[in-house]
Amino acid sequence: KVDHSLPKFDIELEKFDLIQRGLTKDNELGFGRDPNKYYDFAKSFFSMAKEKNKPFFLMANSHDPHRPFSGSDDEKSYFGDAAVNGIIPDPSKIFSPEEIIIPGFLPDLPPIRKEIAQYYSSVRRCDDTVGKLLQALKESGLDRNTLIIFISDNGMAFPFAKTNCYLNSTKTPFIAKWSGEIKQSVDTTNFISGIDFLPTILEAVGIPIPGEIDGTSFLPLLRGEKQDGRDMVYTQFHVTSAKMQYPMRAVQSKHFGYIFNPWSVDSIAFKNASMNGLTFKAMQEEAKKDKEISERVNLFKYRVVEEFYNFSNDPDALNNLIDDKSYSETIDKMRKELKNWMEKNNDPSLVDFNKYVKTSIDN
């Protein structure tokens with residue numbers, strides 16, 4: 001049974017925690033990229049928790065697959081001798097450009113194949129880290145009584161993915177394991193969001209969920225039960241880059257996605273970290289002689305106020321249907337959904353939405 005009073009760890013565990021915080025130093029965790037270092041830490045942590053017979057929470061964040069990617073020139077430049085001398089180990093598999101599959105939202109160009117292969121290798125090293133953490137947990141004998149969750153916070157760090165509101169920006173992995181509690185035949189067509197994680201975990205450990213909390217527990221879904229209100233999800237992005245702001249809002253359903261980009265009104269150029277890699281540079285070079293790629297580069301840099309995509313046949317968001325009259329009813333419905341959500345949450349971009357977007361509810 002869970003002790004709802006949540007007593008603090010005793011002095012030994014508190015001391016252990018303070019000591020282990022030193023492991024966040026780059027050279028102690030292989031710059032966040034050494035699976036064996038994560039194993040050593042987790043093994044010690046689980047042993048201490050087991051010895052003291054205390055409930056525990058461990059969050060392990062890998063720097064993979066963040067840039068610089070495995071095997072890239074940027075990795076050698078950024079980490080110096082660490083990458084060369086084995087402080088940062090190679091992943092268990094190194095992908096070659098020839099064996100990878102290019103995501104549909106990017107063109108198939110040699111430099112892009114090279115960079116995605118490096119990205120896949122970094123993903124593999126993250127997989128290696130997860131494997132080592134699970135190994136440590138199993139060896140401790142605590143695996144059958146532990147809720148294990150693997151999540152990612154955004155899509156891959158490439159154009160039209162990370163730091164945007166496209167499907168490939170916000171559709172991220174969620175994997176959960178809890179022996180005897182989570183069903184194998186879970187319906188994965190339901191929408192869940194990051195704000196749902198906290199209430200889900202609170203319910204799982206038997207702690208009352210505060211009434212004012214954002215999000216809703218999806219524990220019933222994990223147990224194979226039905227749950228209403230999971231047919232769409234709202235996403236947002238708001239960042240300051242090079243002293244510019246790029247607010248984006250979106251609502252997604254199973255088949256469609258509607259995106260609002262108020263910053264594009266002023267014709268300012270979008271900037272993010274993915275533009276520094278091999279991929280965007282290759283797209284810019286190819287755009288000089290390829291009209292289709294030129295249009296993609298221009299869209300990524302300047303966007304349009306509204307975007308609407310049919311994910312059923314265009315999951316890579318290649319064809320903006322915002323002006324397609326055959327979808328006008330669906331578009332208007334999603335505009336209304338987003339506006340209601342923005343009003344409910346006092347969204348600062350609501351002023352721009354009311355200014356630039358007109359729907360039938362305004363008539």
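**Figure 1. Phenylalanine 95 is partly exposed in this predicted model.** Its relative accessibility is 22%. Tyrosine 120, at a relative accessible area of 24%, is partly exposed. The ring centres of phenylalanine 95 and tyrosine 120 lie 5.8 Å apart. Their planes meet at 80°, so the pair is edge-to-face. Phenylalanine 95 sits in the loop between α4 (81–84) and α5 (110–140), tyrosine 120 in helix α5. The two residues are 25 residues apart and link distant parts of the chain.

**Figure 2. Phenylalanine 69 and phenylalanine 158 form one of 27 aromatic pairs.** The ring centres are 5.8 Å apart, with the planes at 15°, so this pair is stacked. Phenylalanine 69 belongs to the loop between α2 (35–52) and α3 (73–79). Phenylalanine 158 belongs to the loop between β1 (148–151) and α6 (167–170). The pair spans 89 residues and links distant parts of the chain. Phenylalanine 69 has 2% relative accessibility and counts as buried. Phenylalanine 158, at 0%, also counts as buried.

**Figure 3. Ring pairs link aromatic residues into a cluster.** Its members are Phe160, Tyr166, Tyr246, Trp263, Phe270, Phe280, Phe300 and Tyr309.

**Figure 4. The chain as a setting for the close-ups.** The secondary structure comprises 12 helices and 8 strands. The C-alpha trace spans about 65 × 50 × 40 Å along its principal axes. Buried residues make up 40% of the chain. Among contacts with a separation of 6 or more, 60% join residues 24 or more positions apart.

Key
Residues numbered from 1 in each chain as written. Predicted model: local features only at pLDDT ≥ 70, side-chain atom pairs only at ≥ 80, totals over all residues. Heavy atoms only, no water. Helix = DSSP H or I, 4+ residues; strand = E, 2+ residues; numbered from the N terminus. Buried < 20%, exposed > 50% of the residue type's maximum accessible area, 1.4 Å probe, protein only. Contact = heavy atoms within 4.5 Å. Phe/Tyr/Trp six-rings, centres within 6.5 Å; stacked < 30°, edge-to-face > 60°.
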